[in-house]
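Subject: Structure handover and notes

Dear colleague,

Please find the structure below, followed by my notes on what turned up in it. I would be glad if you could read the two side by side.

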Amino acid sequence: MSRLEQMKSTVYELTCAWRLAKHVGEFAPPHLPFSMARHLDLRVAEDPNRLAIAYGDERYTFRDLDRKVNQYARFFQSRGIGQGDVVALLMDNRPDYLFVLFALNRL
């Protein structure tokens with residue numbers, strides 16, 4: 001993938017994330033700040049067996065996603081990463097990217 005294609009992909013991903021944030025913000029109580037982790041908690045409570053991620057032959061329900069996120073969050077916490085820390089993330093496009101993103105947000 002060329003550098004230009006990578007940049008276009010990044011812009012597209014950020015645009016999608018912004019749309020999701022705007023959509024999820026509609027469900028968030030106004031007195032609490034929006035967070036991806038809080039949105040996941042709401043989804044798990046609503047319908048834990050609903051499909052959350054489909055990647056190739058892999059399927060993850062919201063309950064599966066929540067479990068993986070908790071595993072990663074515990075790992076990062078054991079390494080001393082916590083609220084307010086800055087973490088750079090460079091990974092391939094795969095479900096673990098989302099697990100890590102949610103886990104860092106949960107911390």
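The structure holds five salt bridges, a salt bridge being a side-chain nitrogen of Lys or Arg within 4 Å of a carboxyl oxygen of Asp or Glu. Before the individual pairs, please note that this is a predicted model, in which local features need pLDDT of at least 70 and side-chain atom pairs count only at pLDDT 80 or more, while totals for chains, interfaces and linings use all residues. Residues are numbered from 1 along each chain as its sequence is written, and side-chain values use heavy atoms, with hydrogens and water left out.

One of the salt bridges joins the side chains of Asp41 and Arg106, at 2.7 Å from N to O. Asp41 belongs to helix α2 and Arg106 to helix α4, so this pair ties together parts that are 65 residues apart in sequence; helices here are DSSP runs of H or I with at least four residues, strands are runs of E with at least two, and both are numbered from the N terminus. Arg106 also meets the side chain of Asp66 in a salt bridge, at 3.0 Å from N to O, and this pair again links distant parts of the chain, with Arg106 in helix α4 and Asp66 in helix α3, 40 residues apart.

Leaving out residues up to four places away in sequence, Asp66 touches Leu40, Asp41, Val44 and Arg106, where contact means heavy atoms within 4.5 Å.

Another of the salt bridges pairs the side chains of Arg94 and Asp92, at 3.7 Å from N to O. Here Arg94 is partly exposed, with 34% relative accessibility, and Asp92 is exposed, with a relative accessible area of 53%.

Turning to the overall layout, the protein chain has four helices and two strands, and from the N terminus on its elements run α-α-β-β-α-α. Buried residues make up 22% of the 107 residues in the chain. Among the contacts with a separation of 6 or more, 51% are between residues 24 or more positions apart. The accessible surface of the chain comes to about 8,000 Å², and carbon and sulfur atoms account for 55% of that surface, with areas taken from the Shrake-Rupley method with a 1.4 Å probe, where for residues only the protein chains shown count as cover.

The largest nonpolar core has 13 residues, of which Leu40, Ile53, Phe62, Leu65, Val69, Phe99 and Ala103 touch the most other members; such a core is a set of buried Ala, Val, Leu, Ile, Met, Phe, Trp, Tyr and Cys residues joined through side-chain atoms within 4.5 Å. Two or more residues of this core come from each of α2 (36–46), α3 (62–78) and α4 (95–106), and α3 gives the most, with five residues. Apart from its neighbours within four places in sequence, Ala103 is in contact with Val69, Tyr72, Ala73 and Phe76.

Val100 lies in helix α4 and counts as buried, at 5% relative accessibility. Val100 and Val69 are 31 residues apart in sequence and 6.6 Å apart in space, C-alpha to C-alpha. Not counting residues up to four places away in sequence, Val100 touches Tyr72, Phe76, Leu89 and Met91.

A search of the whole structure finds four aromatic pairs, meaning rings of Phe, Tyr and Trp (its six-membered ring) with centres within 6.5 Å; planes under 30 degrees apart count as stacked, over 60 as edge-to-face and the rest as tilted. Tyr60, Tyr72, Phe75, Phe76 and Phe99 form one aromatic cluster.

Finally, Thr61 is found in strand β2, residues 58–61. Leaving aside its neighbours within four places in sequence, Thr61 is in contact with Pro48, Asn49, Arg50, Leu51 and Ala52.

Best regards

Methods:
Buried < 20%, exposed > 50% of the residue type's maximum accessible area, 1.4 Å probe, protein only.
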